[in-house]
Amino acid sequence: MENDNIYIPYQMKIEKVTVEAPFVKTFRLRFVNEEEGKQFSFKAGQFGEYTAFGEGESTFCIASSPTREGYIECTFRQAGRVTSALASLDVGDTVGFRGPYGNVFPIEEWYGKSLLFIAGGIALPPMRCVIWNCLDLRDKFKDITILYGAKCEDDLVYKEELEEWKNRPDVNLVVTVDPGGESPAWTGEIGFVPTILDKIAPKSENTIAIVCGPPIMIKYTFPVLEKYGFGDTSVFTTLENRMKCGFGKCGRCNIGKVFVCKDGPVFTLEQMKALPQEF
Amino acid sequence: METEKRSLSKASLATLIEQLNGNGAVVIGPQKKDNLVVFEPLHTLAEMTDEYIATTQSPKDVAFPKIERLFNYHVTQFFVDQEAPVKNYPEVVLIGARPCDAAGFDSLTAIFTWDTKDTLYMERLALTTLIGMSCSSHDANCFCTSVNGHPGSTHGSDILLTRMGKGDFIAEIVTEKGKALYDKYAGLFGPDSGEDKTKYLTEVPVKFDVAETVKKATGMFEHPIWLEQSLRCIGCGACAYVCPTCACFDIQDESAGSNGHRVRCWDSCGFGLFTLHTSGHNPREVQSQRWRQRVLHKFSYMPDRLSLVGCVGCGRCSRACPVDMNLSEHMVSIAEA
Amino acid sequence: MDDIRKKAKELLESHAVDVVIGYGEGTAGKVRAIFPRKAEDAEKLIFDGRCEQNLAVYLLKHEIKHMGKKAIVATTPVMRSILQVASEYQLTQDEVLVLGVSPEGKYVEIADFAAMEAYLKTQDFGIPAKDKAILDKLEGMTLEGRWDFWLEQLSPCFKCYACRASCPMCYCTRCFVEVNAPQWIPIAANELGNVEWHLLRAMHLAGRCINCGECGRACPLEIPTHLLTFKGVEDVKEDFNVVAGTSASMDSLLSSYKADDKETFIR
C-alpha cells in the first residue's frame, strides 16, 4: 500500500483458480509484495474490494481463514462488468485488493459452545472463512454442524471442502438440494434449507447459529431457529449491500444509520431486527 | 485561539488579492457569470462581486473536487504498475465564502477523517485559507439560524470579513491559519476600528428547532410524509452537487488500452442507480425512499454518528432545484408532523 | 382557472381520477408541481404565465404512475409530450385525462387523444424566437467555432442529470449512462465526457423532442442544453418533415424507414 492514500490497492497475483459452479470461481491470491503480505492480517467476517484493472472494483468477503497464512481467497459469481473481467483472468494475472474492511465474527466469544452453520448457494463463501477458522481451532468448540443447500447439485460450491467436511468425524455435515435439483446418484438431503433445518431439529442450548443465504432463505430460516429456542443474540448473519469505498465515506451502503461496511457486514439477529426496512 | 479584530479597507483588500496572486496562491472568489455568481480564480478585486446571497455552487470543490484522481496504473502482461498521483495541490485562498459555506467544511471533514483518513481531502483543505464574508442580506431559502449557524458566524472561517455598508471591512482573525496569513500581510490591515459587526448583519428568522426536529425525524422512518414531500422530486443530483456538506462519491476506473486511472467523483443518493445491486435488487427503489435517505442522513444519521447536523442552511439545494423542493419548508413540516 | 379547479374538484369527488397533476404556489413567487388527491385540495391549483414546467414527466414517475387514473393540467408542450410518450407505448389513453390549457390560460376540454391531436393542429409550437436567434448564430459559425462554444458551455456541467430527469421523454429505467458493460461514457464530469453526454442525449431525442425547453430551465448551472435538442427538432423537420408529439400513433422516427426518406446527407 503506497503512502497514506487509502484508495490504492495491494497488488495480488492469482495463484490458483477453482471453478466452483457454473459462473462461480474462487481465486487464491498472494501478495506481490511479500513484505506487505507478511504484515497483512485480517479476521473472519471481513471483506475487501477486488480490482480488475481497467474495469473497476467489486466487493467480496475474504473467503479464506486467517489461520491459513500467506494467501487470501475470494469466491465470486460472474454477474456484471467487474466480475466478468475478473472471471476472464487466469493464474499469474494481477488483481488489486483493498482491505480488510468491516467487522468480524466474534469467534472468541463462541469458545466452549456448539456451532451451527447454515448457508445457501453462493452464500457459503462468506461463511467459509469462519467455518475454516473454527475447524482450525476445533477443540475450542463442542459440536459443529454445517447445513448447506443449493438449488441443484451443480450449484454447490466448494465441492472439495464438502468432501473434506463430510469425512471429518468431528463435523456433522448436512448437504441438501432443492426438490428437483438432485441427480439419480444424489445421496444427500432433498429439500429447502429451512425445511431440512427443521428436520435436523437443532438444539439451541449453548449453541451459536451462523446463517447466510439469499433473502428468501433467510426469511424462512430465522423462524425455524426461533422455534428451536435460539435467542436473537445467538444468531449471526452477514449482510451485503452495494458498496464502493468499503470504509464508510462514499455514503451508499447504509441501512438507516448503520454502515454495512463499518458496523457490519456481520450482525446478530437482534441488530438486524433493529434495522429499518431498506435492504 | 482568541479571535482578534482588525480592519481592512477596500483598497487594501484589492492589494491583498493582488499580492496573494503575486505570491503564487490561487485566489478564488465570487464572480458574476451571466445570471450566476460562481467561485472562480480571482485576480483583482474588480472581478469580485458582492451581489449574491450565496453562490450557485458551494466552494466544497477546493477540498473535494468534482473529480479527484486517486492513482494511475499501467497494465502489462506480467504486472500492473501503480502510481500515486503527484500531489501538487495549490495553496488556495478562498475569499467570499459565506458563514454557511465555511461551516459546511465541518461536515466534509467529519466524513473524510472519521476512522480512516482521506489524506487527499485533508491535504487540499490544509492548503486552503478561508476568508469568509458575513451576510448583510438573506432570502426565503436561507435558514442558517435553524441549523446552528448565523449570518455573522466566524465558525469555519480563518478570517471573517464584515462589510460596513458599501465601504471598508471589519476583519476578524479567527484561527492560527488566519493568523499566519494576517502576519504575512499585516501591513494591509488596520487596527480594530471598534465597530460592532452586528449592525451590518441581516437577521435570519429561525424556522425550526433543529435538536427537536432531529429527534422527531429519527422516529419517522415509516412515515407517509416522505412520499408527500417527494412527489415532485424528479431524482436529479442538483441538490447534492451544489450542497456544501454532501460528500457522497463514486469510484470509477477509466482506461484507454493498458493505461488507466481511478477517480473519485461526486455522486448523489437521489439517483436510482446509487444503491442498485448487480442482482437487480434495489433497497431504495422509489424516489420517496431516496428522499427519506437524503433528509435522514443529514438530520438523523450524521448527528448520531458524527455529532453534527449535515446541513448548514445555505438554501442552495432549494434554489438549484428545478422543481422547487424547499428543504427548510420540508423540515418545518417534519417538525410539525 | 376557476374552470380547471372546478373540473379537477369534480373529477376527484366523483373518483373519476385518483390524482390531479397541476401547478401550485411555490417558494417566494415560484411555481411548483402539486398533486391534489382530495377534492378540497383542488383549490390550490393555479395557472398563470409562471407555469412553464413540463408536468408530463410525472405521468411516468413510478410512484405517481401507479396512483391510478391521473388528470393533468396540460399546456401545449405537455399535450405534445403525452402524445409522444403514448406513441412510444409508455402511456395509454385510459391512464390519463387531459385538462387542456390554452396559451391564454383558458380551460380547453379534451376528451381523448384524438381530440388532443385535433386541438394541437390549431396551435403554434415553433422554437421560441430568442432560441432561434442563437441557433442561427451557431449555424453561421465554423465547425471549430461551434465545438469551442459547446466545450466552453458544457465544461461547468457536473452531470447532475437535471436535464434528463426533467424531460418526459427520458423515461428509460436504465439510461445509457447507467450501463457499465460497456461503459459508454465516463461517469465523472470531465470536459469530453460532458460533451459526450449532452450530444448523445440530443441524439436520443432526435425525432422525439417537443421543444418544451425544460432541460434548459432545469439546469442549475443555466447551461442551455435545450439548444442541442432544439437543433435536433429543426434538423428533423427539414430532413424528414417530422414534428414530434403530434400524434399518439406516430412511428418512431429513427427506428422506422420510409421509402421516400431523403438521403442527401449520406455522402
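Tutor: This is a predicted model, so local features need pLDDT of at least 70 and side-chain atom pairs count only at pLDDT 80 or more, while totals for chains, interfaces and linings use all residues. Residues are numbered from 1 along each chain as its sequence is written, and chains are lettered from A and ligands numbered from 1 in the order in which they are written.

Student: Between which strands of chain A does the loop with Gly181(A) lie?

Tutor: Strands here are DSSP runs (E, at least two residues), helices are H or I runs of at least four, and both are numbered from the N terminus. The loop that holds Gly181(A) lies between strand 9 (172-177) and strand 10 (189-190) of chain A.

Student: Why does Gly181(A) count as partly exposed?

Tutor: A residue is buried with 20 or more other C-beta atoms within 10 Å of its own, exposed with 12 or fewer, and partly exposed in between; C-beta atoms are placed from the backbone. Gly181(A) counts as partly exposed because its C-beta neighbours inside 10 Å number 17.

Student: Which residues does Gly181(A) touch, not counting residues up to four places away in sequence?

Tutor: Contact means C-beta atoms, placed from the backbone, within 7 Å. Glu153(A) is 28 residues from Gly181(A) along the chain, yet their C-alpha atoms are separated by 6.2 Å. With residues up to four places away left out, Gly181(A) touches Lys151(A), Cys152(A) and Glu153(A).

Student: How far apart are the centres of domain 1 and domain 2 of chain A?

Tutor: Domain bounds come from an automatic or database domain assignment. Chain A is divided into domain 1 (10-101) and domain 2 (107-238). Taken over C-alpha atoms, their centres are separated by 24 Å.

Student: Which elements give two or more residues to the side of domain 1 of chain A that touches domain 2 of chain A?

Tutor: The contact takes 16 residues from domain 1 of chain A and 16 residues from domain 2 of chain A. On the domain 1 side, the elements that give two or more residues are strand 1 (10-21) and strand 5 (72-77) of chain A.

Student: Which helix of chain C supplies the largest share of the side of domain 1 that touches domain 2?

Tutor: Chain C is divided into domain 1 (2-121) and domain 2 (129-255). Here 19 residues of domain 1 of chain C are in contact with 18 residues of domain 2 of chain C. Helix 3 (76-87) and helix 4 (113-121) of chain C each supply at least two residues of the domain 1 side. The largest share, eight residues, comes from helix 3 of chain C.

Student: Over how many bridges do strand 4 and strand 12 of chain B pair?

Tutor: Tyr73(B) stands opposite Gly260(B), which is in strand 12 of chain B. Strand 4 (residues 67-75) of chain B runs antiparallel to strand 12 of chain B, and the pair is joined over seven bridges.

Note on methods:
Two residues are in contact if their C-beta atoms, placed from the backbone, lie within 7 Å. Two strands pair if DSSP finds at least two bridges between them.
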